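This briefing sets out the computed features of a protein chain, grouped by topic for use alongside the sequence and the coordinates.

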Amino acid sequence: MTYHLTPMTAEHIPQIAAIERSCFSHPWSEEMLREELWNDSAAVIVAQGEDGSVLGYAGVNTVLDEGYINNVAVAECSRRQRVADGLIAALVRFGQAKLAFLTLEVRASNAPAIALYAKHGFREAGRRKNYYDDPKEDAIIMTLEFDHGTEAAE
């Protein structure tokens, strides 16, 4: 599958919102997504097909040198074609250049996502009991720390 990664624009929002509704029990609205365009601490990258369709997207918020991945989703017709892998790889490259760590929550039952994050170096850092609704489920906190050579010498 051929696609390119690009920053989210207002034109992407209706397609991203449709993916949100198909993937999440509590999806972000178009208005919430639109607000991310003006949020200086947020970035959303889009995997866009050759025909202009949104295949998937990933969002991250930063606070100082900390990165919090909030959503990663791929349209059902584009799954298992390395779209999510490309999105996560892009966030990891961003983190390596700018951040001390990236972290996220993932449903405990979402084995494919957990495996994808582990492939990119994320490790389980904790658990949030009953974090998700519809259905009620724990979240696994996964974190990837970056070594920028600033750690104290031993």
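**Structural briefing**

His4 has a relative accessible area of 41% and is therefore partly exposed. The model in which this residue is described is predicted. The protein chain comprises four helices and seven strands, and its C-alpha radius of gyration of 16 Å agrees with the value near 15 Å that a compact globule of 154 residues would have.

- His4 belongs to strand S1, which covers residues 3-7.
- Apart from neighbours within four places in sequence, His4 makes contact with Val46, Ala47 and Gln48.
- Between His4 and Ala90 there are 86 residues of sequence separation, and their C-alpha atoms lie 11 Å apart.

**Overall fold and dimensions**

- The order of elements along the sequence is β-α-α-β-β-β-α-β-α-β-β.
- Along the principal axes, the C-alpha atoms of the protein chain occupy a box of roughly 55 × 35 × 30 Å.
- Of the contacts between residues at least 6 apart in sequence, 60% link residues that are at least 24 apart.

**Surface and charge**

- Of the 154 residues in the protein chain, 42% are buried.
- The accessible surface amounts to about 8900 Å², and carbon and sulfur atoms account for 51% of this area.

**Nonpolar cores**

- The largest nonpolar core contains 26 residues, and Ile69, Leu102, Tyr117 and Phe122 have the most contacts inside it.
- Two or more residues of this core come from each of strand S2 (42-49), strand S3 (54-63), strand S4 (66-74), helix H3 (83-98), strand S5 (101-107), helix H4 (111-119) and strand S7 (137-145).
- Helix H3 makes the greatest contribution to this core, with six residues.

**Contacts of Phe122 and Ile88**

- Beyond its neighbours within four places in sequence, Phe122 is in contact with Ile69, Ile88, Val92, Leu102, Thr103, Leu104, Tyr117, Met142, Thr143 and Leu144.
- Ile88 is located in helix H3.
- The relative accessible area of Ile88 is 0%, so this residue counts as buried.
- With neighbours within four places in sequence set aside, the contacts of Ile88 are Val72, Leu116, Tyr117, His120 and Phe122.
- The C-alpha atoms of Ile88 and Val72 are 8.2 Å apart, while the two residues are 16 positions apart in sequence.

**Backbone exceptions**

- Most peptide bonds are trans, and most residues other than glycine have a negative phi.
- The peptide bond from Asp134 to Pro135 is cis, and its omega is near 0°.
- Asp134 is not a glycine, yet its phi is positive, near 55°.
- Asp134 lies in the loop between S6 and S7, and Pro135 is placed in the loop between S6 and S7 as well.
- Asp134 is classed as exposed because its relative accessible area is 52%, the cut-off for this class being over 50%.
- Arg82, also a residue other than glycine, has a positive phi of about 75°.
- Arg82 sits in the loop between S4 and H3.
- A relative accessible area of 55% makes Arg82 an exposed residue.

**Strand S6 and the residues around Asn130**

- Asn130 is part of strand S6, which runs over residues 123-132.
- Asn130 counts as partly exposed because its relative accessibility is 45%.
- Not counting residues up to four places away in sequence, Asn130 touches Lys136, Glu137 and Asp138.
- The C-alpha atoms of Asn130 and Arg107 are separated by 9.8 Å, and the two residues are 23 apart along the chain.

How values were computed. Residues numbered from 1 in each chain as written. Predicted model: local features only at pLDDT ≥ 70, side-chain atom pairs only at ≥ 80, totals over all residues. Heavy atoms only, no water. Rg over C-alpha atoms; globule rule 2.2 N^0.38 Å. Buried < 20%, exposed > 50% of the residue type's maximum accessible area, 1.4 Å probe, protein only. Contact = heavy atoms within 4.5 Å. Areas by Shrake-Rupley, 256 points an atom, 1.4 Å probe, with all protein chains shown as cover. Core = buried A, V, L, I, M, F, W, Y, C linked by side-chain atoms within 4.5 Å.
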